[in-house]
Each structure stands twice: as structure tokens, then as C-alpha cells.
Amino acid sequence: MSMVEDKKDAKTAKAGARRETPYPEHLVRETPPYRPGVMRVPVDRFFKQAYHDLEVERIWKKTWQWACREDEIPNVGDYVVYEIAELSFIVVRTAADEIKAYWNSCLHRGRRLCDFNGKRAEEFRCMFHGWAWNIDGTMKDMTCGWDFAGTRDEVTRLPEARTGTWGGFVFINPDPDCESLEDFLGELPDHYEGAGHDFAKRWAQVHVVADIACNWKVAQEAFLEAWHVNFTHPQMVRTPGDRASTGMRWDDFGNWMRNTPQLPTDKYKNPPGYATAAETEQQVVDQRWGFHLNEDPPIKVPEGEKANEVIKNVIREYHRSVLGDAIDDYHDVHMGGGEMVHIWPNMHPWGGFSRLLYRFRPYKSDPNRSLMDVVLMAPWPEDRPRPPPAPPHVLQPGQSIGDAPELGQLARIFQQDLANMPFVQIGLKTSRQGYVILSDHNEAPVRHWHDLYNKAMGFENGDYLAEESNK
Ligand code: FES
Ligand SMILES: [Fe+2]
């Protein structure tokens, strides 16, 4: 999607003669229509404490979830404190090829064992009375153990969450009886490393954490559909003629969903003309890189050239500077901007050459506050050591994401998204209607997400916590 500040040398570069590359097989797999129709979702789930509390039990204690990057814990003893709602886990590298996760709570009187991330730990020692466990989770030092007759067996191992990795991401699942991460993700790896976009070979170039005055689901749903672009980001509504103007489709792969440029043969898609507003080739290019309307376009379309060719060539030549001629193994569609992908319950890694990755988390026990991680996962030459991941830039509660200039032009886009969120939260609470309405096509991924939510929460036969039933 966005690399304007990096591509000054690649402006309007022309592609040389390239070998023909086939259309990516994974983008042809079509699974729609997603259960058709509109959906009504009770508003209560977006602000009531009972939902938050049930989510902790039925989602956060039961689901595979992205906790950190392997790069963040490269050495034995390195650990990250991963927090989700009021739960906390220590994710630690215990061997070159082994990562474990422990519930971050002392087995004596419950003090959180680790308060911060750390490096090369040899033990986790409680700051209250000094009990300590080795990094492999076995008891190391039970201070005054003589005073705890008959309890040694109960505290001899720190309780664990299950761990797994994909694409350099470390996932945890607190449920010891859960399915494997591999089964949970299904064919997802085919769409990334299988399609030449291996996250394990990328690095976290930027990491920003916004602290937002809304429920985590409210924030997430603003990134589960693209329809809002027409109104929230009007400066972006100048779509390349052979892409969104002829539509896109959503595909459901079970625990994850994605959108992709439609093919002529697709049955379920946007109508022709959707979101088309461009009158000139330059405007089409500006949709991508000219968001700052008060500045000259960073990429100028030469007289007589077509915008889509300019866009593809700029992106291809930019990536040539990083990946070398391996970029010619990629079809033009990879240059288009990437597919929107969301993995249940809260991870959003864009596909293709997009660098975008989001995560949405409830903030401690507050259903009216959430954290949004924005990470830019950039390609990196394989023959050079990857830089360490960018440390998170954590914004203050309510602070504008516009204060994260490392996001480049995206900062202004996210600012537009997040500016709405506190007002959505307020509006939901005063809704007389008592439910929101989700559309058939453009909001299919939001419906898909709520179907998974209803299943996880035990709401298949209706949301029994809601005052307004899902009519
Ligand atoms: S609470 Fe941890 S040693 Fe007492
Ligand atoms: Fe947006």
C-alpha cells in the first residue's frame, strides 16, 4: 500500500523486459458468497462489562493469538510480557528452537512475576517473597519452603499456555486442550510464504500502539471493511481502473478471511463502478501516494502514460532495490497493494507486498478502552542480517496517531479512522434501536467475524446477554 517516502529513486521507473509470471494461484481460490444477507448485532457487546468478562473466559483463554515476534526474543532467556485484557503471560525463549509461555502470576500469593520485557533471564523471581522458577518453568527457589508443608508439588511448575509460530510470529493459546496452531491457521501459510511473502523474512520496521477510547471490537471493525474509505478517507477515492472500480471479493477460509481483486469469472463482487471517482491518470496515482492534498504529488504521471502501469512499475522497481531480480518472479497483481486479511480474533496481516499489520486488544478490564498495534513489516534482503524489530511507540490515552510520524502518510489515514471511534462508542450507548446493521457484501467480513464471535461466546441460539435480541 504505501512506501512513498522510500521510493524517490524509483519515480515513474519503467519495467524492463520481464518474463511472464502466472496469476497467483492462491488469489484464484474463491469461497464466497459468505452466508448472504444483512445481519443485526446487539449494541450491548460493545460496552457492557458482562461481555468483556465472558470474552476473557471464552475468547482470550481459549484462542490462538499473536503474542510477539520471534525477533523480539532472539536469545535464550529473552522474554516478552504479553498482556490481553487483564491476563498476562511471560513468553520466553527457553532454547534456540523452543519458546514457552507462562501465566504471569506467582504461585504463592499471586503477584505478577514479570512487570517488563527482559533479556537473558536465568530465572523468574517474585518481587514479593522471593519464590523463583527457572526459565523452563521448574521451581528453583521456594523461600521458607519449610513453612509450606505439603504444597511443594503444587508449585513445582509454572502453569503454561501452549505456543506455536508462523511467519516469525509467536502465538499462544492458554487452553491446554486447544487444536494445533497449524490446524487453526489452515491454508493461510499457502497465501504468504507459499506465495513469496514470508513474514519470517521481513522485519518490523515501525511499531505504533494507539490507546483508543472505544471497545476493541469497535476499533477493529473500522479495519474489517473498506467501504468507509468513500466517506472517511475521501482523498483516497480515486481507484485504479482495473482494480476496485471493477470490484473486489471476500473469501472465507474459516478462522480467517481476505479480500482480493476480483476476476472476471467471480460470482460475488462489487458492482462495476464501485468507488470510482478518478477523472485523470494523475488522480489515480494520487489515490496511492498523494494523500496530502496541500502538497505536490510525489509521483507524477508522464504525459501519455497509464496510471496503473506507473503504479505497478514504481512498486516493482522499489522492491527490486530490496529483493533484486527476484521481484520478476511476482505477477503484477502482487504490486496492487495487498489483500486485506483478518485472522480470528484480532490479527490483521495484509497480504502481498503491503507492509500493514494490525492487532486490536481490550485494555485491561475496561470495555471502553482498547489498544491498536500498527506494525509495518518490511521486506529485507535475504543475504543481509535483519535489523532488530522496532520497539513499540506507545501513545498516550487519546493521543492522536498523527503523533507517530514514522507511519508516514498512513498517520493521516489512521487519524481519520480513529477520530471516529470515541464517537461510535458514545453513539452505541445511546442507540434507541439497540443493534447495528451489517451489509451483505461490503460488510461481509464484519458479519463473518460476528458469526465466529457468536460461536465462541455460546450465542449461536441468540445473544442471551443482550437486552435487544438479534432480530
Ligand atoms: S507472592 Fe510471590 S513470593 Fe509471595
Ligand atoms: Fe480506514
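Hi everyone. What we have here is a predicted model, where local features need pLDDT of at least 70, side-chain atom pairs count only at pLDDT 80 or more, and totals for chains, interfaces and linings use all residues. Residues are numbered from 1 along each chain as its sequence is written, while chains are lettered from A and ligands numbered from 1 in written order.

Let's start with strand 13, residues 256-261; strands here are DSSP E runs of at least two residues, numbered from the N terminus. Five of its six residues are buried, so strand 13 is largely enclosed by the rest of the structure. Buried means that 20 or more other C-beta atoms, placed from the backbone, lie within 10 Å of a residue's own.

Strand 13 pairs with strand 12 (residues 248-252) in the antiparallel sense over five bridges, and pairing takes at least two DSSP bridges. Strand 13 also pairs antiparallel with strand 14, residues 341-343, over three bridges. Look at methionine 257: aspartate 252 stands opposite it, and so does histidine 342 in strand 14.

Now to the cores, meaning sets of buried Ala, Val, Leu, Ile, Met, Phe, Trp, Tyr and Cys residues joined through C-beta atoms within 7 Å. Which residues touch the most other members of the largest core? They are Ala67, Phe89, Ile90, Val91 and Ala219, out of 78 residues. Strand 17 (residues 366-378) gives the largest share, six residues. A second, separate core has 13 residues, including Trp289 and Tyr318.

Conventions. A residue is buried if 20 or more other C-beta atoms lie within 10 Å of its own, exposed if 12 or fewer, and partly exposed in between; C-beta atoms are placed from the backbone. Helices (H or I, at least four residues) and strands (E, at least two) are DSSP runs, numbered from the N terminus.
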